[in-house]
Amino acid sequence: MKKEREWWFLVCSMFVLLPYLITMLILGRNACPVSRTTELESYVAGAAASQIPWEYQKEAIKAQVVLARTNLYLEKQNGKEQEMLEEITSFFRQKHMNSERLEQFSVFQEAAAETKGEILTQNGSAVKLPYHDLSAGKTRDGKEILGDSYAYIPSVEVTKDIDSPLYVEGCYFSFQELENHMCKQYKSFSFGEERNIEIKKTDAADYVMEVQIGNQMVQGERIKEILSLPSSCFTVQISGNQVRFLCKGRGHGLGMSQYGAEQMALEGKDYKEILNTFFPELNIEKRK
């Protein structure tokens, strides 16, 4: 009887968690359009839950909820919310929700309710808000990386990030392994006799912008993807036939560092202080 009650609670809770997503995926977007803010609000907790560790402090989660709502709001304005909603649904299908996880998820529901309608804006308009797991000690400058339209994303010192056990990771490859990875992307790739690997350009936060590998010049974020590196903030050391990419941080380094937000929350800062640290030029506005 107890198991039956627990199962019934689980089923009911899942309907609350994903009120429209399954219908949308099965019958198509027009069958269940996201056209009102009240409908969008139904997805916010789920979106944030798919983006940040569940064990983080509530104020860090609330900061992520505002980012998730802002990005959903922007995607809805541009008619591109379907892909984001599919990602949320996929996350929860793989999460294997049970009563314990549903209880954990209640923190996201509370965070969404306590920040209901709040988004970050620039001159009254929603803007794209990036985030990442862990910076290399300083976040990247949006204007430097993406151009003038992203000047609202400043470089911010996040010194607590260097205390994370995941801050530094060494990724090792033989030259043959590197060649195999590169040849999958660049058919004409060759190391040549010199086996050259050289960082050519970094940004102000020491993330690699360009790296020469053999006969190929590659962007830092691109080589991060090709080699599945945790970050494009890396140095390269060659020892015999082995190459080490020593990486700092995790993710692209733009916008809010989630680990940094967590450390701020542990220090007693609320979500508005956290958001103001990473996006000082933006305003929190409430949309009905």
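Contact here means heavy atoms within 4.5 Å. Keep that in mind for the close-ups below, which come from a predicted model.

**View 1. Ser257 and its neighbours.** Ser257 sits in strand S10, which covers residues 256-257. Leave aside the neighbours within four places in sequence, and Ser257 is in contact with His132, Asp133, Leu134, Ser135, Val158, Asp161 and Phe278. With Phe278, 21 residues apart along the chain, the C-alpha separation is 8.2 Å. A polar atom of the Ser257 side chain also lies 3.0 Å from the backbone nitrogen of Gly260. Ser257 counts as buried because its relative accessible area is 0%, and the cut-off for buried is under 20%.

**View 2. Lys62 on helix H4.** Here's a lysine that lies in helix H4. Is Lys62 buried or exposed? Its relative accessibility is 8%, so Lys62 counts as buried. The Lys62 side chain makes a polar contact of 3.4 Å with the side chain of Glu59. Beyond four places in sequence, Lys62 touches Ala111, Glu114, Thr115 and Tyr271.

**View 3. The largest nonpolar core.** This core has 53 residues, and Phe108 and Phe279 touch the most other members. The largest share, ten residues, comes from H4.

**View 4. Around Phe279.** Not counting residues up to four places away in sequence, Phe279 touches Leu67, Leu120, Leu129, Pro130, Tyr152, Ile153, Gly255 and Met256.

Conventions: Residues are numbered from 1 along each chain as its sequence is written. This is a predicted model: local features need pLDDT of at least 70, side-chain atom pairs count only at pLDDT 80 or more; totals for chains, interfaces and linings use all residues. Side-chain values use heavy atoms; hydrogens and water are left out. A nonpolar core is a set of buried Ala, Val, Leu, Ile, Met, Phe, Trp, Tyr and Cys residues joined through side-chain atoms within 4.5 Å. Buried means under 20% relative accessible area, exposed over 50%, partly exposed in between (1.4 Å probe, protein chains only). Helices (H or I, at least four residues) and strands (E, at least two) are DSSP runs, numbered from the N terminus. A polar contact is a pair of N or O atoms within 3.5 Å; within protein, one must be able to donate a hydrogen and the other to accept it, and residues adjacent in sequence count only if both atoms are side-chain atoms.
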